[in-house]
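Q: Could you take me through this structure feature by feature, giving the general idea each time and then the case at hand?

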Amino acid sequence: MTTNTPMRVHVLQHVKSEGMGSMTEWFLDKGAVINTTRVDLLHALPDIKDIDWLVIMGGPMSVYEENKYPWLQAEKRFIRQAIDNNIRVLGICLGGQLIANAMGAKVYANSQQEIGWFPIRKTHEIASWLSSDNPLLCWHGDCFDLPENAVSFAASDITTHQGFCLGSRVWALQFHIEAKQGTIEVFYRVSGSALPEGNYVQTLDELVSTKHLQSSKETVFKLLDYMFAH
């Protein structure tokens, strides 16, 4: 990629309403060309040579539900191919779990669901872009083990690995760092407009609060700046 060539960003999306959120602004400011594959609709995956960044978004399915969602197999192979080709790869929630599984790690149901704005503790300085104990949006029931050579960099009270990286170009997050105005309402509809009971499930009033959105946006911009520099 030369300085005169637009950054080619490809998004893997698993449901209509879960797009890149606040990240779109950062990429457009960089003059990026953004294309999206709806893997759940069986859209064709691109040629790996035609992308510079791969961004893998969330969704209501689990990575181990291949019998129900057979397209997961091809998606995980594609993610592994992107990583093997040294492409910048960022996965969020389901996207992060897909990176973990594509690289050989186990993904499984956590002891409880984690839905809300919870402090994410930085556990390794490799995540220089992350402020420790910054409340970030969680909305997941699964968790992952670490792939070989991965570095875990964050945790919460209920989730041992809130994120890991493989070198400086591959980042897998459990938390929804892309959250913006309206994200909560979208997730609530996707989940069936109901919240489960649990010790780590906030009320809808707590969830729709906008007081953490600006710091969340600043955090994801710092991560993207870091990835861009590497």
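Q: How many disulfides does the structure hold, and how is a disulfide defined?
A: A disulfide is a pair of cysteine sulfur atoms within 2.5 Å, and by that criterion the structure holds zero disulfides. This is a predicted model, in which local features need pLDDT of at least 70 and side-chain atom pairs count only at pLDDT 80 or more, while totals for chains, interfaces and linings use all residues. Residues are numbered from 1 along each chain as its sequence is written, and side-chain values use heavy atoms, with hydrogens and water left out.

Q: Are Cys 143 and Cys 165 buried or exposed?
A: A residue is called buried under 20% relative accessible area, exposed over 50% and partly exposed in between, with a 1.4 Å probe and protein chains only. Cys 143 has a relative accessibility of 9% and therefore counts as buried, and Cys 165 is buried with a relative accessible area of 1%.

Q: In what order do the strands of the open sheet lie?
A: Strands (E, at least two residues) and helices (H or I, at least four) are DSSP runs, numbered from the N terminus, and two strands pair if DSSP finds at least two bridges between them. Here nine strands form an open sheet with mixed pairing, in the order β2-β1-β3-β4-β9-β8-β7-β5-β6. Its edge strands, β2 and β6 (134–144), each pair on one side only.

Q: Which pairings can I follow residue by residue?
A: Strand β8 (residues 163–166) pairs with strand β9 (residues 170–173) in the antiparallel sense over four bridges, and the bridge partner of Cys 165 in β9 is Trp 171. Strands β5 and β6 also run antiparallel, joined by 10 bridges, and Glu 114 stands opposite His 140 in β6.

Q: Why is β6 described as largely enclosed?
A: Nine of the 11 residues of β6 are buried, so the strand is largely enclosed by the rest of the structure.

Q: How do I read the placement of helices on the sheet?
A: Axes are lines fitted to C-alpha atoms, for helices over the stretch in contact, and angles run from 0 to 180 degrees between N-to-C directions; contact itself means heavy atoms within 4.5 Å. Helix α4 (residues 183–190) lies across β5 (107–122) and β6, running at about 20° to β6. Helix α6 packs on the sheet and touches β3 (53–56), β4 (88–92), β5, β6 and β9, with a direction that makes about 155° with that of β4. The buried residues of α6, among them Leu 213, Phe 221, Leu 224 and Met 227, pack against α1 (23–29) as well as β3, β4, β5, β6 and β9.

Q: What span should the 17 residues of α6 have?
A: The expected span of a helix is 1.5 Å times one less than its number of residues. For α6 this gives 24 Å, and because its end C-alpha atoms are 24 Å apart, the two values agree.

Q: Which residues have the most contacts inside the largest nonpolar core?
A: A nonpolar core is a set of buried Ala, Val, Leu, Ile, Met, Phe, Trp, Tyr and Cys residues joined through side-chain atoms within 4.5 Å. The largest has 34 residues, and those with the most contacts inside it are Met 23, Phe 27, Trp 129 and Trp 171. Helix α6 (residues 213–229) gives the largest share of this core, six residues. A second, separate core of 31 residues includes Val 39, Leu 72, Ala 102 and Ala 172.

Q: Where are Leu 42 and Asn 149 found?
A: Leu 42, in the loop between β2 and β3, has a positive phi of about 65° although it is not a glycine, and is exposed with a relative accessible area of 64%. Asn 149, in the loop between β6 and β7 (151–155), has a positive phi of about 75° although it is not a glycine, and is exposed with a relative accessible area of 66%.
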